[in-house]
Amino acid sequence: METFSAISMLFIIGGSVGYLLELFYRRIRHGKWINPGFLVGPFLPLYGVGTLLLYGICELGRTAFPDTVWGQILLLLLITFAMTAAELVTGLIFSEGLKVRLWDYSALWGNFRGIICPLFSLIWGLVGSFYLYVLHTPLTHAVAWLRENPFDTFFVGLFFGIFLVDFGYSSHVVANLRAFAKKSQSILGFEPLKVK
């Protein structure tokens, strides 16, 4: 139960912080507030999964990689690859499977189907570096502190209850968009729809 609680807290923290980052990014880019992602609520599952990946890789890195410059470089390359792979898998599920594009890198050099590109792989590498050297230890302590809090189980249960309702509703919206995209034989850009 403690392991599930820790994983849940990392997922919640990562998805919530990622939502805030994307929210402010869209505010700067479009000049107005736009809810990022496909959920209605303030959460991005991709960032929650990304935080779990970062945490797992950093914990693995303590024992599997030597504490040398080359060991750190290999660890950062693994982080960059893992985060890019998570973005690729999520992008393929939405664009190829559901015919909805949550983000679009098609205008950027070296992109693959508009889902991943070298620029954002580099950004993921920088985010991973920041996580490894600045956030990993404080986040580990924060999760340990939250697990000792008697409201931890209540909070995790409440979060997942709301998350499942939101996921169900949002999946219904995406299913409707998919049906429209299939009829028009196109892939819909989710963000441009929100901007309009």
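**Cavities, pockets and the core**

Analyst: Let's start with the holes: the count comes to 2 cavities of 30 Å³ or more. This is a predicted model, where local features need pLDDT of at least 70 and side-chain atom pairs count only at 80 or more, while totals for chains, interfaces and linings use all residues. Residues are numbered from 1 along each chain as its sequence is written, and side-chain values use heavy atoms, with hydrogens and water left out.

User: What makes a space a cavity and not a pocket?

Analyst: On a 1 Å grid over the protein atoms alone, a cavity is a set of points where a 1.4 Å probe fits but cannot get out, whereas a pocket is an open set with protein on both sides within 12 Å along at least five of seven lines; lining residues have an atom within 4 Å of a point. Grid points are joined across faces, edges and corners, and a volume is the space filled by probe spheres set on the points. The largest cavity holds about 50 Å³, and its lining includes Arg-26, Asn-35 and Glu-191. The largest pocket holds about 1300 Å³.

User: Which residues lie nearest the centre of the largest pocket?

Analyst: Those are Glu-22, Leu-44, Leu-46, Tyr-47 and Trp-124, out of 50 lining residues. Helix 1 gives the largest share of that lining, 10 residues. (Helices are DSSP runs of H or I, at least four residues, numbered from the N terminus.)

User: Why is Thr-84 called buried?

Analyst: Buried means under 20% relative accessible area, exposed over 50%, partly exposed in between (1.4 Å probe, protein chains only). Thr-84 has 11% relative accessibility, so Thr-84 counts as buried. Thr-84 lies in helix 3, and leaving aside neighbours within four places in sequence, Thr-84 is in contact (heavy atoms within 4.5 Å) with Ile-116, Ser-121 and Trp-124.

User: What makes a set of residues a nonpolar core?

Analyst: They must be buried Ala, Val, Leu, Ile, Met, Phe, Trp, Tyr or Cys residues, joined through side-chain atoms within 4.5 Å. The largest one here has 44 residues, and Phe-38, Ile-79 and Leu-102 touch the most other members.

User: How do you know that helix 4 bends?

Analyst: The bend at a residue is the angle between axes fitted to the seven residues ending there and the seven starting there. At Leu-135 that angle is about 60°, and Pro-138 follows within four residues.

User: How confident is the predictor?

Analyst: The chain averages a pLDDT of 92 (the predictor's confidence in each residue, from 0 to 100), and 99% of the residues score at least 70.

Methods:
Helix = DSSP H or I, 4+ residues; strand = E, 2+ residues; numbered from the N terminus.
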